[in-house]
Protein chains: 2
Amino acid sequence: MTTYAQMTTEELQSELASLQDAYNGFKAKGLSLNMARGKPASSQLDLSMPMLDIMTSTSDPHAADGSDLRNYGVLDGLPEAKELMASMLEDDPANVIVFGNSSLNIMYDTIARLWMFGTQGSTPWCKLDSVKFICPVPGYDRHFGVTQEFGIEMIPVPMNEDGPDMDAVEKLAAEDAAVKGIWCVPKYSNPGGVTYSDEVVRRLASMKTAAEDFRIMWDNAYTVHHLSADPAQQDQLLDIAKACAEAGTTERYYKFASTSKVTLPGAGIAAMAASPANIAEVKKRMGVQTIGHDKINQMRHVLFLKDAQGIAEHMAKHAAIIAPKFELVLSKLESGLAECGVGTWTKPRGGYFVSFDAAEGTAKRVVALAKEAGVTMTGAGATWPYKNDPQDSNIRIAPTLPPLEELDQALDVFVVCVKLAAVEKLLAA
Amino acid sequence: MTTYAQMTTEELQSELASLQDAYNGFKAKGLSLNMARGKPASSQLDLSMPMLDIMTSTSDPHAADGSDLRNYGVLDGLPEAKELMASMLEDDPANVIVFGNSSLNIMYDTIARLWMFGTQGSTPWCKLDSVKFICPVPGYDRHFGVTQEFGIEMIPVPMNEDGPDMDAVEKLAAEDAAVKGIWCVPKYSNPGGVTYSDEVVRRLASMKTAAEDFRIMWDNAYTVHHLSADPAQQDQLLDIAKACAEAGTTERYYKFASTSKVTLPGAGIAAMAASPANIAEVKKRMGVQTIGHDKINQMRHVLFLKDAQGIAEHMAKHAAIIAPKFELVLSKLESGLAECGVGTWTKPRGGYFVSFDAAEGTAKRVVALAKEAGVTMTGAGATWPYKNDPQDSNIRIAPTLPPLEELDQALDVFVVCVKLAAVEKLLAA
């Protein structure tokens, strides 16, 4: 078969007509489908409903150390909860703080503290003329939202198959003291599903930084979120804490994780890990901000998930639900797009997204076409700082929320929109 | 009987000897008692245990508007939860945002937003050379902790029986544009138990402020925390929102409340209310910080407390537990101290504290003596900015946490310590 690029104008016009027919057929169905949101499906949430039976009026409301879970106190999290989250963060419980339900909130507060107070004696970032952050692209829109909120200048750096382009990252970090950090989703990245190679992690840990207070925001959101329960099919990530310890850059990283996509996104628990000096600093400052987080909910998680093994078993149940959705995405893209030579996409082994690159200059058009046909996608450009994708090609596909049969329909619409936009573009050229 | 002030040196020396005997007797008992913390007693927490049975694996996990309580979303709180908290905040649910478990955290974040971003177009406070806050004293140490964290200069203003000294407040607010706000616990204040009069509320709302972005931090922590279920024995507070609306200063206030001392301090819900413009601003900024708070816990509170009537009935059960503790404090102070003429104290109708003024220059000594005899009090000076009580006289008594029989013992010790310190002081003069 001929790819679109090889087609004559007549062939393209005929293809356009047939695509428009198909597209109008979808529009006539009055669909309302959604592939925009990295949200667990209802069936995934059901997996954690037994957690709601764990703390009742007849439960012992005390932690092992005697703390009353119901009363004030315990700033940095129950010892039991620290241990549980330490297993996700691959760190020592002593280096862990357990917070409320949102790791985004922890990350925001971490940037806010750096902004208002600095760290380890450095100048607060709000006192500087210019603060810049390295943003691997495509990346997570809410990370970019936080840095933009503070007026931090975001510098995009391309993602390769083993993580961010480290030559570019090293150059930026070494040459400009205003470059204060980097956003990383190091495992099953959002949206590409990339896991950083050991070499990339080591280079991040050991690179020269002009700023003494350069910080790696290590958002390990998908650390246990494999699409297969078979360890051979799971990515492994080198721990940034270990790499920094080896490189002698112990204060460089903050690690974040949560149970949002393990138990319940609205009612999970989130945590951070960092060096002893950084953890001490955070505790001191957060002791002014709050008396402590919800210990009953921490205990629910401890009793429900138990430990790393319990988490792995629970995640296998998630994988059984979402892996078929990822398979469907890949097979629909392959069958619909490969032969016409339009688009490229990632094939992740975990996480929540497939990153799709449409024909250059067509992503916005694809998303608009899909919207008009009743299929909501993440906004084109959302994966770039300032929502500005200079190639206008990247689209994040989030297959977890819709049931399989809806996803199937939504992908059919999406594929037609991608092709339609590509043909329109070629005809306009 | 002769008061200490009227005693001769010989009489004081004899009194000293007898007090020392009594004190040593207490010390010999090896007590470990605590009147330091404004924490509910275990028996109060038990009142809310049925709340833990309300959301189980068989409950419908949806809000009335169809939102899945378990998934991401609903930034500003469930409509049901906004309605519940609006009843505590005496405001329209549309002007309410429901957060996580800590109103202190909301207040900190509110100051942080003003610090980093300003409000309604004003200059961010971090860009100013000097920011000052009015702090009625005695006041809540954690309020002072937040302002101190930001390097905001705290100006103490005396509390009268009807609220802060408004002549002093008006002068400070009118004359200095660096004075950006005031901390208020307007009902059953911490620690004095004072409720602001309507006139004080109106003067706060209508006073001239040199700063356009002057803000009243209206921490209505004890709004439903009466010591009696009889409305005639309960204080009434004029709503600051109404007063500001009448005065045309709609953006001046932020109101805060929580269920920390209604249900469970570690696992309650907290909320703020403000003008539509301020609420819109907060929502816009917090939308960068988080996706939303724990909606399952919000729903637990809705189903358990129901409405204003449900809250009142629940608070009557708290009152039945803590009112006898307050009565014991007052009767022990009266019987132990009145005739020797040492000390003055408040007689609150609600809240969590009694404010005690020892003989000038003796508060630190009293707290140290009590500590040595096994009775922990809130640190002397804690009720003042920078922990600096220039009279060294104020001590906060927190009677709720210990059981009655322990409180009884602790008060006996406290009374002897107050007298001992007073006699020592007179003899040293």
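Chain A and chain B meet through 58 residues from chain A and 58 residues from chain B. The model is a predicted one. The size of an interface is often given as the accessible area lost when the parts come together. For chain A and chain B, that buried area is about 4800 Å². Carbon and sulfur atoms give 52% of it. On the side of chain A, three residues lose the most area to chain B: A:Arg70, A:Tyr72 and A:Gln289. Together they account for 16% of what that side buries.

Next come the polar links across this interface. The rule finds 26 residue pairs in polar contact between chain A and chain B, with both residues at pLDDT 80 or more. It also finds 4 salt bridges across the interface. A salt bridge joins the side chains of A:Arg285 and B:Glu149, with N to O at 2.7 Å.

Which helices of chain A each supply at least two residues to the side that touches chain B? They are α2 (42–46), α4 (103–117), α5 (141–149), α9 (276–289) and α10 (295–305). Helix α4(A) gives the most, with 8 residues. By class, the side of chain A that touches chain B has 26 nonpolar, 18 polar and 14 charged residues.

Now turn to the inside of chain B. Helix α1 (residues 9–28) and helix α13 (residues 404–428) of chain B pack with their axes coming within 9 Å. These axes cross at roughly 145°. The crossing of α1(B) and α13(B) is left-handed. From α1(B), the contact includes B:Leu12, B:Leu16, B:Leu19, B:Tyr23 and B:Phe26. Among its residues from α13(B) are B:Val413, B:Val416, B:Cys417, B:Leu420 and B:Val423. Charged residues take part too, including B:Glu15 of α1(B) and B:Asp412, B:Lys419 and B:Glu424 of α13(B). Overall, the residues of this contact divide into 13 nonpolar, 3 polar and 4 charged.

Over all chains, the structure holds 38 salt bridges. One of them pairs A:Asp412 with A:Lys332, the closest N and O atoms being 2.7 Å apart. The pair links distant parts of the chain. A:Asp412 sits in helix α13 (residues 404–428) of chain A, and A:Lys332 in helix α11 (residues 308–337) of chain A. The two residues are 80 residues apart.

The backbone of chain A has some local features to pick out. A:Pro138 lies in the loop between β3 (132–137) and α5 of chain A. Another cis bond runs from A:Asn190 to A:Pro191, with omega near 5°. A:Pro191 is placed in the loop between β6 (179–184) and α7 (198–206) of chain A.

A further backbone feature is at A:Glu90. This residue is not a glycine, yet its phi is positive, at about 50°. A:Glu90 belongs to the loop between α3 (79–89) and β2 (96–98) of chain A.

Methods. Residues numbered from 1 in each chain as written. Chains lettered and ligands numbered in written order. Predicted model: local features only at pLDDT ≥ 70, side-chain atom pairs only at ≥ 80, totals over all residues. Heavy atoms only, no water. Contact = heavy atoms within 4.5 Å. Buried area = accessible area lost by both parts, 1.4 Å probe. Polar contact = N/O pair within 3.5 Å; in protein donor to acceptor, adjacent residues only side chain to side chain. Helix = DSSP H or I, 4+ residues; strand = E, 2+ residues; numbered from the N terminus. Nonpolar A, V, L, I, M, F, W, Y, C, P; charged D, E, K, R; others polar. Axes fitted to C-alpha atoms, helices over the stretch in contact; angles between N-to-C directions. Left-handed = near helix turned anticlockwise from the far one by under 90°.
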